[in-house]
Amino acid sequence: MARNKEALVLLLDVGPSMDHLLPEVEKICSMIVQKKLVYSKYDEVGVVLFGTEETENELTMEVGGYEHVVVLQNIKVVDGDLVEALRHIPRGTVPGDFLDAIVVGMDMLIKKYSSTNKGKKRMCLISNGLSPIKDPYEGSKEDQVNAIAGQMTSHGMKLECVVVRESVAHGENVSVMEENDRILNLFPQKTRAKTVFVESPTSLLGALKTRNISPVTIFRGDLEISPKLKIKVWVYKKTSEEKFPTLKKYSDKAPSTDKFASHEVKVDFEYKSVEDSNKVVPPEQRIKGYRYGPQVVPISADEWDAVKFKPEKSVKLLGFTDSSNIMRHHYMKDVNIFIADPGDQNAIVAVSALARAMKEMQKVAILRCVWRQGQGNVVVGVLTPNVSDNDHVPDSFYFNLLPFAEDVREFQFPSFSNLPASLLPDEEQQEAADNFVKMLDLAPSDKAEMLQPDFTPNPILERFYNYLELKSKDTDAAVPPLDRTLKRITEPDPELLAQKKSAIDSLLRHFEVKEKPKLKKSTRRIREKPSGSDDEDIHRSISSKSEVALSENGAKVEKIGDSTPVQDFEAMMSCRDNPEWVNRAITEMKNKIHDLVEDSYEGDNYPKALDLLVALRKGCILEQEPKQFNDFLHQLCKFCLGNDLRSFCDFLASKGITLISKTEAIDSDVTGEEARSFLVKSEPKSE
């Protein structure tokens, strides 16, 4: 067997009580094989069914017993036929004994590999645990578990048990269920085993790891507390985004009879002179350049290598701080886990003492890390204690990267606490919102938490692998719709929404709800470019010319137009990719109002100017820009009174237009009395 390749035996309960769950079991088992075909095509898989009417396994013929257990497939290298077989698992008619199935699976692994391939032999049991297990011919069930666990340990096997419990059993099933749970929970105490309980088809899909990833350290060395105090630690990745498999370019030009053809496409690049398109520029005559103002500064590979920061491999403590000082939104990238060197007892004790002290004092550590020699950058992160509640699992730390100043993005958003009382929810609205949140609680007290990360698969990846398997059989296969079980991950549960319809209706009654038209996607996107990148100057020029907002109908809004000025203003104010949008929108709206008033003939533009002024006032309140509106209103009134446009001031007074007061915007320096008494007086207001 190839090195680092896994041998897996699936032990599947197909008894009558599992009938409604078998479609989900078929999905997860076929998915396991599909991923092995992509990532581990030399892995070997066997399948054992228990709860069948028939009996077909070698142990029955050799020693008797082990009835209603069928070996659907002996252990062999994964292929497309196994995927198809797992999609049509035969249904059983009798209750199944999972201990018999475990023994049959273990026997298959021993006969196939003997004592070789230790640590790479795995059995996966899927059952609801509602069928009784038989009493052994000799001894107790505990003795039988001890014997099985001993054999598993000596042959380097591990066992994963997934128990599906959609609802609490009643009647006779309760005692059977409790007894089976007790037996299954004995395995983790005796050997390498894990038992997981799930309550939904979605959790079942994520309970078994469909892709086996070997743990690899990213750092082994000293955690340097001080020059004289160092702790031996190993660092692993705890979470890391699972990406799509790499899609390579293949050619069909190779003869179909050539069995050794790789069909891979190789890409070569040639650089040619601008003056002479036929002249190829060799590598030694090419050099990279970086924009610096209007010029390009050439930097050779040797110079760039000399400029690079080359710190020594190390992990050093910079200090401690209160855990409350580290904001959750400052966590970056993947999470790593620090454990003590497993072979160093002193390191284990030191890590445990440090972790427990930090937890007791509610402290976290700030570390400076260089994971490997020659690494071109230094990372700074926070070390959080992870004190174990299991006597057999040592204490550890979680490590999250923290941003530098250049990594933090600042955006302008008004604080909810600064909004006027008229824009804050009243008691009835708050109560309706509270009930709505409680309604969609994913962790109700009477049920297990839904959509737990450990048990929730990525629906996009799952769909991709399903489609890949379809394409392997039919190159013209259409993309299938998203599976019903996977839809529960991406959409609210329709049954839950139906049950809690009253809370949703209450929310709709207490708030003004409008249907928002769909916006057309902009064909030009504003993308961030890192400082110093080759495209930074291009990006800057594009941004200055093509930064646009979208109006309600999806059209680009670069300025406030004449046809729909209010909608254009609101679109520009809502754009958040550049902090200058707000100031630009306010300035253009001021100019538009001023022009309308100035060009008015016998007041024909007054109503339109009023609409724009009301929109400007509302926007300045929401964006906490009261000074801009108040100053403009003073200037506008002064202009009108000095240019024989007193009628516009009277018009505003009749409509009750006032300055923005402190009660409406906390940043305003105008009191409520001053705002009410303003009302566009007939005398010019001094500034």
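Helices (H or I, at least four residues) and strands (E, at least two) are DSSP runs, numbered from the N terminus. Ser 30 is found in helix 1, which spans residues 22-39. The structure is a predicted model, in which local features need pLDDT of at least 70, side-chain atom pairs count only at pLDDT 80 or more, and totals for chains, interfaces and linings use all residues. Residues are numbered from 1 along each chain as its sequence is written, and side-chain values use heavy atoms, with hydrogens and water left out.

The chain has 22 helices and 17 strands. Of its 687 residues, 38% count as buried, where buried means under 20% relative accessible area, exposed over 50%, and partly exposed in between (1.4 Å probe, protein chains only). Among contacts (heavy atoms within 4.5 Å) with a separation of 6 or more, 70% are between residues 24 or more positions apart.

Ser 30 has a relative accessible area of 3% and is therefore buried. Not counting residues up to four places away in sequence, Ser 30 touches Val 83, Leu 86 and Arg 87.

A nonpolar core is a set of buried Ala, Val, Leu, Ile, Met, Phe, Trp, Tyr and Cys residues joined through side-chain atoms within 4.5 Å. The largest such core holds 42 residues, of which Phe 569, Ile 593, Leu 616, Leu 633 and Phe 648 touch the most other members. The elements giving two or more residues to this core include helix 17 (565-574), helix 18 (580-598) and helix 19 (606-622). Helix 19 makes the greatest contribution, with nine residues. Leaving aside neighbours within four places in sequence, Phe 648 is in contact with Val 597, Tyr 606, Ala 609, Leu 636 and Cys 640. A second, separate core has 34 residues, including Leu 59, Met 106, Met 152 and Val 163.

Rings of Phe, Tyr and Trp (its six-membered ring) pair if their centres lie within 6.5 Å; planes under 30 degrees apart count as stacked, over 60 as edge-to-face and the rest as tilted. A search of the whole structure finds 10 aromatic pairs. The rings of Phe 338 and Trp 371 have centres 6.2 Å apart and planes at 55°, so this pair is tilted. Phe 338 lies in strand 12 (residues 332-340) and Trp 371 in the loop between strand 13 (363-370) and strand 14 (379-386), so that the pair links parts of the chain 33 residues apart. Phe 338 is buried at 1% relative accessible area, and Trp 371 also counts as buried, at 11%. One aromatic cluster is formed by Tyr 39, Phe 244, Phe 464 and Tyr 465.
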